[in-house]
Amino acid sequence: MSTTMENVICKFCGCLCDDIIVEVEDNRILKTKRACSNGRGMFLDYDPSFQKPLIDGKQVEWDEAVSVCADILNKADSPLIYGLSSTSTEAQRKAVELADLLGAVIDSTSSVCHFPTVLAFQRTGEVTCTLGEVKNRADLLIFWGCNPMVSHIRHFTRYSAKAKGTLTPGGRKDRTIVVVDVRETPSSKTADMFLQIDSGTDYEVLTTLRALVQEKELEPGAGHIVSEELKELARMMKTCNYGVVFFGMGLTMTSGRSYNVSELFTLAAELNRFNRFSVMPMRGHGNVAGADNVLTWLSGYPSAVSFARGFPQIGPGEFTSVDMLARHEADAALIIASDPMAHFPHGAVEHLRHIPFILMAPMTNCSTKTAKVFLPTACCGIDVPGTAYRMDNVPLRLRAVLASEKPTDEEILSRIIKEVIK
Amino acid sequence: MPDKPFYRCQESKAGNIQNLRDILMKNFFTLISGRTKAHADGLHKGPGSQDYINATSFVEIGQEDMNRLGIKKGQLVLIRSDSGKVEAPVQPANLPAGLIFIPMGPTANKLVGTETFGTGMPSFKGQSVKVEKL
Amino acid sequence: MIGIIGGTVFDPLNKIDGQVKDLWIKDGKIVPIEEINQSKAQIIDVRGQVVMPGGVDIHSHIAGAKVNAGRKLCPEDSKRLLRYRSGDFRSGSGYTVPSTSLTGYLYSEMGYTTVMEAAAAPLVARHTHEELEDIPNIDNGAFLTMGNNHFLMKCIQDKEMGKARDYVSWLLDAGKGFAIKIVNPGGVENWKYGKNVQTLDDKVIGFGVTPRQILKTLATISEELKLPHPVHVHGLCLGQSGSVDITIETMELMEELNAHFCHLHFLSYSGKRGGFPRSGAAKVAQTVNESPSITIDVGQIIFGPATTMTSDGPVQYNLSQKLGAKWVNDDLESESGGGIVPLVYKRSNPLHAIMWLTGLEIFLLVDDPWKVFLTTDHPNAGPFLGYPEVIRLLMDKDFRAEKFEKIPKKAKKGCLLPELNREYSLYEIAIITRAGPARRLGLKNKGHLGIGADADITVYSRAENKEEMFAHPSRVLKDGNIVVIDGQLVKEQKGRTLYVSPGYDKNIEKYIREHFKESYTISFDNYYIEAQHLGISEKLNCI
């Protein structure tokens, strides 16, 4: 007999869609409705059955696994805790407690995603809003260096381009969509205006836009890329009612990094002299905003935090995971709900092969084989409830749609903490 | 430590600067890596799955560049950066000259360096690479 | 079981003014001596020391989306105050926006045992509650912002007061709130169009209702629901020259309806609109003195760094433009908004000096200490760490005069402060920092030391320098446990979140569901916060 559950929340990406319908039978998910292909894959491919933890590829009991983990972490001089974005805030809080106890470095996946956005935020602040304001008010949407049709598949329909809101009852018809990117993408094909810029020139384009918005004289050859399209975009940005720029890795991963983002933030702030304008980073994972929030409220900083001196310190480029691994500065690692072997540059990945690392994740991934200890835990939002924060920082309580057969990240981290203290 | 950077100057066939530029820059590209639908679908199947491997082990190059380099669709090319090298089959795509795309994953990551310019973020988009026919 | 013996007790709610009295504690409560087995009790000798109930902060920003964005925005603030990990106590950072553990530790070390989070938008209240759970050693609650709420404004527009009341009750329950907070009613909604409100009768765009209507409706509902704390009002024109006039007008409007006005100094400037502000303390104090029901908290300026954070979005936009400072703005769908701007209050800046003396004048000109409470609108006017300094300024007129001397001449012109010789007594300080706020919050077991009170007790060693005296209590007890000795934390324990749940006609839910479909981007079913997700919590009755 199958049961149907409504208003289920999907934590695959920062959209955190909370209208998913899930059909469950014999503690497996049979079908989902409304979920995009990413969400559907996450729900359908998940195996909730109990698995024993592995040490060096061999199955062991949980007590032994916890004890070995505590041992690895206690013996390390410079342990690194990384990941966090796909687990609940309850587990994230435990991870920070553990980092504080160990004097470890703790870093979330924003390290290779929106940490440059954090750096920009610290410099300039951010004019932003929740996704409902976008749905209800935004008549101009700009997607800069991001590709929601691939990365945040329901974004357009639920929140942005096509969403029908109180002041935008016509949905897509009531909006102008602009995409700024270095190449054509599935998202750019849906735009009213596609501004194709050269790779690595976002900073110059943004600075030029700021100058155009402020009607400043621009000298040719001073690094300004002035074109009729840019002039038109500046005009559109100044005359809309409520404009929103969504941005992604096109700004954070390219030359300029956080300076690209702070230039965009400054542009958005300046536009508020003319009308209302907001920006929003397209947060990749379902709870990376939660990781930012939890780390901030517990330590004062959102990521790249070191407790090594007995108090929290932030260190961009110093305590960020890729840097620590590339410089061989971590001598043990605890990876939580993430897959660095798949997603980190080779030079960082290599070091992981030479240090003992613990992988705590709901399913095997690229990192499992290399991990000294693999801790198969429950998946937040599928077989364990927990809080997650959407890309606009709205918190939602994820439910469990399946009965849990595996322990949770929160539970195992608590046990490791107890062992470490002993 | 990262590999020493390599800058090899090819001999120019003529004194014409434009030709020299073409020759020097001919094989140099900017690599961007990123999400694709196929890579995400493959990830759900499992990172060891053939779907995932297929979805992340090719390189997209614009037709103009393919013509210039004399490469055909499906042909293997050698791509090198300061950090590593990979061989990957070519797929034509609508890309501007000088830009190549590899879906995010282990193939792209062999080429992405660990320099983060103090931000923690490597050059997943904007890594300089050299592409050569095999 | 504990006995606190021989202390000089100040317990204004029980009219005890410096009487030497013993206190007996059992199971976290103050009990009569008859219930104590004295041979088993731990005796703490506090002869010669001052004993007061634990401090109660009626208005502070310590937890939630805005506060956390403030922490994230200001890594430089983290570096101002660092706390090393020590034994079982967590490390932390932050001076104006401390991390959660540090917030609890610092308040506790200063002798405070109850702190109210002054503003949480219901949409993100879950975030507030998660952080409150991580703040140790203080009981707490969250005021839910409703003054720019779309459903409410629609009810007012449609003149459906019954629906409005049921909605507010539902909202308090869904967000596990303690009280109704109103911030710049209508102005925050208008800011989403780049505008604001300047008078009580300006129209809110899209609804056509006025601030006057919003204030009256919510205040009436609060009375009808018998909420323990009345509407908590952050009025119009905050920070503007001439704001005192609209503040008085708003107070007169709310006269019959019972309201608390927060961080009043920010809304008490006289002078021409757009001109240089002066202190309007005399005018507003007169209104407060003549009103039988209105209470205020001051929001006193502390010179030094501060982080302004408020739901009042347009105020923050203006402030950021004036200062050229970094600025966070967040518009929240259907409910609220807000902004953050970090700054530094300088004694040498005439404007800041006027703000500083305005607050002090309010304290000294409001006759009845039961009407005026000590806050710094933490961290807007300054960090709560500044409370001991404010206490000294109120108790020691010579110290006050010394500080007044140092402000610029331009600020001194025409102000009343040098003529105000009043000095607060210990009894009056006990009122403005514990008894008064507790009574106004409707917390029957807090702010006093009578039988049945929670054993939240602070003991101070007498000192000439009142700032030192109040900064480092010799003992702090929370629920009968000793948590601080000689200003040092010795125990960490979870606090309780207090909330109200007045009850409503379930029929309202179908209207709210419709509203969610139209205006929100989350499901109605995912909005409600269950009590079990609150950590330790306690529901207060509305009677």
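# Notebook: chains A, B and C

**Entry 1. Strand β9 of chain C.** I began with β9(C), residues 112-120, where 9 of the 9 residues are buried, so the strand is largely enclosed by the rest of the structure. I note here that the model is a predicted one.

I then looked up the neighbours of β9(C). Strand β6 of chain C, residues 55-60, runs parallel to β9(C) and is joined to it by 4 bridges. Within this pairing I picked out C:D57, whose bridge partner in β9(C) is C:V115. Strand β10 of chain C, residues 139-145, also runs parallel to β9(C), with 5 bridges between the two. Here C:A120 stands opposite C:L144 of β10(C).

**Entry 2. Which chains touch.** I asked which pair of chains shares the most contacts. Of the 2 pairs of chains in contact, it is chains A and C. Chain B and chain C do not touch, and 15 Å lies between their nearest C-alpha atoms.

**Entry 3. Chain C against chain A.** I counted 47 residues from chain C and 50 residues from chain A in this contact. On the side of chain C, the elements that each supply at least two residues are α1 (65-73), α2 (75-78), β7 (82-83), β8 (92-93), α4 (125-133), β18 (328-331) and α18 (508-519). The largest share of that side comes from α1(C), with 5 residues. Sorted by class, the side of chain C that touches chain A holds 14 nonpolar, 17 polar and 16 charged residues.

I followed β18(C) further. It pairs with strand β8 of chain A, residues 127-129, in the parallel sense over 3 bridges. In this pairing A:C129 stands opposite C:D331 of β18(C).

**Entry 4. Chain A against chain B.** For this contact I found 44 residues from chain A and 37 residues from chain B. The elements of chain A that give two or more residues to the side touching chain B are α1 (37-44), α4 (115-124), α6 (148-151), α10 (249-252), α13 (321-326), α14 (340-343) and α15 (346-352). By class I list 19 nonpolar, 19 polar and 6 charged residues on the side of chain A that touches chain B.

**Entry 5. Chain B by itself.** I looked up the secondary structure of chain B, which comes to 5 helices and 6 strands. Read from the N terminus on, the order of its elements is α-β-α-α-β-α-β-β-β-α-β. Chain B has 134 residues, of which 43% are buried. Among contacts in chain B with a separation of 6 or more, 65% are between residues 24 or more positions apart.

**Entry 6. Domains of chain A.** I recorded the division of chain A into domain 1 (52-113 + 286-379 + 406-421) and domain 2 (116-281). The centres of domain 1 and domain 2 of chain A, taken over C-alpha atoms, are 34 Å apart.

**Entry 7. Helix α9 of chain A.** I ended with α9(A), residues 228-239. The helix has 12 residues and spans 17 Å from its first C-alpha to its last, close to the 16 Å expected at 1.5 Å a residue. Which residues of α9(A) are buried? I found A:L233, A:A234 and A:M237 to be buried. Seen down the helix axis, the buried residues of α9(A) fall within an arc of 100 degrees, so they line one face of the helix. On the face turned away from the buried side, α9(A) carries the exposed residues A:E228, A:R235 and A:T239.

Definitions and conventions: Residues are numbered from 1 along each chain as its sequence is written. Chains are lettered from A and ligands numbered from 1 in the order in which they are written. This is a predicted model: local features need pLDDT of at least 70, side-chain atom pairs count only at pLDDT 80 or more; totals for chains, interfaces and linings use all residues. The expected span of a helix is 1.5 Å times one less than its number of residues. A residue is buried if 20 or more other C-beta atoms lie within 10 Å of its own, exposed if 12 or fewer, and partly exposed in between; C-beta atoms are placed from the backbone. The arc is that of the directions from the helix axis to the C-beta atoms. Domain bounds come from an automatic or database domain assignment. Two residues are in contact if their C-beta atoms, placed from the backbone, lie within 7 Å. Ala, Val, Leu, Ile, Met, Phe, Trp, Tyr, Cys and Pro count as nonpolar, Asp, Glu, Lys and Arg as charged, and the others, Gly among them, as polar. Two strands pair if DSSP finds at least two bridges between them.
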